[in-house]
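This report sets out selected features of the structure shown below.

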2 protein chains.
Amino acid sequence: MNLRMDPLEAIQLELDTECSGGRAFRQLEQKFGRMRRHYLEQRNYIIQSILGFWMTAFRNRPQLSHMDRGQDADMLRYVTNLEVRELRHPRTGCKFKFFCRRNPYFKNKVIAKEYEVRSSGRVVSPSTPITWRRGREPQTFIRRNQDLICSFFTWFSDHSLPESGRIAEIIKEDLWPNPLQYYLLHEGVRRARRRPILIREPVEIPRPFGFQSG
Amino acid sequence: MNLRMDPLEAIQLELDTECSGGRAFRQLEQKFGRMRRHYLEQRNYIIQSILGFWMTAFRNRPQLSHMDRGQDADMLRYVTNLEVRELRHPRTGCKFKFFCRRNPYFKNKVIAKEYEVRSSGRVVSPSTPITWRRGREPQTFIRRNQDLICSFFTWFSDHSLPESGRIAEIIKEDLWPNPLQYYLLHEGVRRARRRPILIREPVEIPRPFGFQSG
């Protein structure tokens, strides 16, 4: 019996360890992660030199365009870069960082908002308190007009909005991966292009975490 | 503007295609798939020469041991090999194939049972009709005694049992990946071993498809 059992144990060990390919897959993930970060840095470098890039991208993304209204539209002009990262293990969720130029509305240079899925399933989304310049607090915070609730800075600071999680998903899964397609919807009208651009249709985003406000 | 936009388009194209690593991950999956099939064939080759290997493995796996009772225990002795495969895209689910030696109970040489998750979310699980030899239909099918409902061949042929999906998951996710650990629980008692074996604790299986009978 041992003559058959020892080779069987050796084969089972191979199946349990080598054949899973865990190490090789991790190495490949790291390689493409590095490549991705390299191109994202290059992309950021160019985008920050285009005035109002993110404001335009937000405005042209269906389901986000309503966030770019009133004073918020003008404030969004000062967002020079956006960074979206997964939270590090063991935390689950993601973090949005908005880098801002000096502007007449608030003093922060970087503002961040997190969506963390706790082990209970509840999602919490703290954000950087915004230091408004005197008399520049946006009116939307007063909530007198329900229509204004969903402006960009209300989404950023108010964690109880029902659509908060959905907006975060659209930014993370569609706007941030390819903002250029939305920027060019605006730009395309004004530019005499040398060749046609393939613009992707806005897609329905799957809901990996089922973000809920909390 | 074009001077900035064309490099941005090139970078975005890299991010959308090369950086996803789709091709490299597929190649790695294929490589480890081939390696895995190679070792599984070797494992099958050895297992089929050990009389009653699968019967013993079933008997020693908690939550499956009750399936190996009465006439079924004797019939399971004739199962020489088990094969579990994912269904091919676009179908979702898996297929169990049991290879059987010539035996006094039924005529089939291979019997198969599928669990397919339909787009509606409903799980269907058709199986090969068993051609019983005259007078050998197992009594469990008559269902006079509710205790006998969950014998191996009742699970195989009856698609309405509440625990059917759970049993399929245990076979797919735990018994089939490493049947040796359960076979040796029995064997270990009789063998004078040269070195101790690490036996894994039976694990709680996650439910990827939430198999439901139907």
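## Salt bridges in the predicted model

The structure is a predicted model. Across all chains, a search of the whole structure finds 18 salt bridges. In general, side chains of opposite charge can pair when their charged atoms come close.

In chain A, Asp174(A) is joined to Arg61(A) by a salt bridge whose closest N and O atoms are 2.6 Å apart. Asp174(A) belongs to helix α6 (residues 164–175) of chain A, while Arg61(A) sits in the loop between α3 (53–60) and α4 (70–76) of chain A, so the pair ties together parts that are 113 residues apart in sequence. Asp174(A) is buried, at a relative accessible area of 1%, and Arg61(A) is buried with a relative accessible area of 1%.

## The corresponding pair in chain B

In chain B, a salt bridge links Arg61(B) to Asp174(B), with 2.6 Å between the closest N and O atoms. The loop between α3 (53–60) and α4 (70–76) of chain B carries Arg61(B), and helix α6 (residues 164–175) of chain B carries Asp174(B); the pair therefore ties together parts that are 113 residues apart in sequence. Arg61(B) has a relative accessible area of 0% and is buried. Asp174(B) also counts as buried, at 1% relative accessibility.

## Charged residues around strand β3

A salt bridge is formed between the side chains of Glu116(B) and Arg91(B), at 3.0 Å from N to O. Glu116(B) is in strand β3 (residues 110–117) of chain B and Arg91(B) is in the loop between β1 (79–86) and β2 (93–100) of chain B, so this pair ties together parts that are 25 residues apart in sequence. Glu116(B) counts as buried at 11% relative accessibility, whereas Arg91(B) is partly exposed, with a relative accessible area of 35%.

In chain A, salt bridges that share partners join Arg91(A), Glu114(A), Glu116(A) and Arg118(A) into one network.

## Surroundings of Leu82(B)

Leu82(B) is a residue of strand β1 of chain B and counts as buried, at 1% relative accessibility. Leaving aside neighbours within four places in sequence, Leu82(B) is in contact with Asn44(B), Trp54(B), Lys97(B), Phe98(B), Ile171(B) and Trp176(B). The C-alpha atoms of Leu82(B) and Ile111(B) are 9.9 Å apart in space, and the two residues are 29 apart in sequence.

## Relation between the chains

Chain A is superposed on chain B by a rotation of 179° with 0.1 Å of shift along its axis, at an RMSD of 0.2 Å. The two copies are thus related as by a two-fold rotation axis. Phe25(A) comes closest to the rotation axis of the residues of chain A, its C-alpha lying at 3.9 Å.

Of the interface residues of chain A, 100% are also interface residues in chain B, so the copies meet through the same surface.

## Confidence along chain A

Chain A has a mean pLDDT of 80, and 78% of its residues reach 70 or more.

The pLDDT is below 50 over residues 141–149 of chain A, a stretch with 13 contacts in the model beyond near neighbours in sequence. Over residues 192–214 of chain A the pLDDT is also below 50, and this stretch has 57 contacts beyond near neighbours in sequence.

Conventions
Residues numbered from 1 in each chain as written. Chains lettered and ligands numbered in written order. Heavy atoms only, no water. pLDDT = per-residue confidence, 0-100. Contact = heavy atoms within 4.5 Å. Salt bridge = Lys/Arg side-chain N within 4 Å of Asp/Glu carboxyl O. Helix = DSSP H or I, 4+ residues; strand = E, 2+ residues; numbered from the N terminus. Buried < 20%, exposed > 50% of the residue type's maximum accessible area, 1.4 Å probe, protein only. Least-squares fit on C-alpha atoms with pLDDT ≥ 70 in both.
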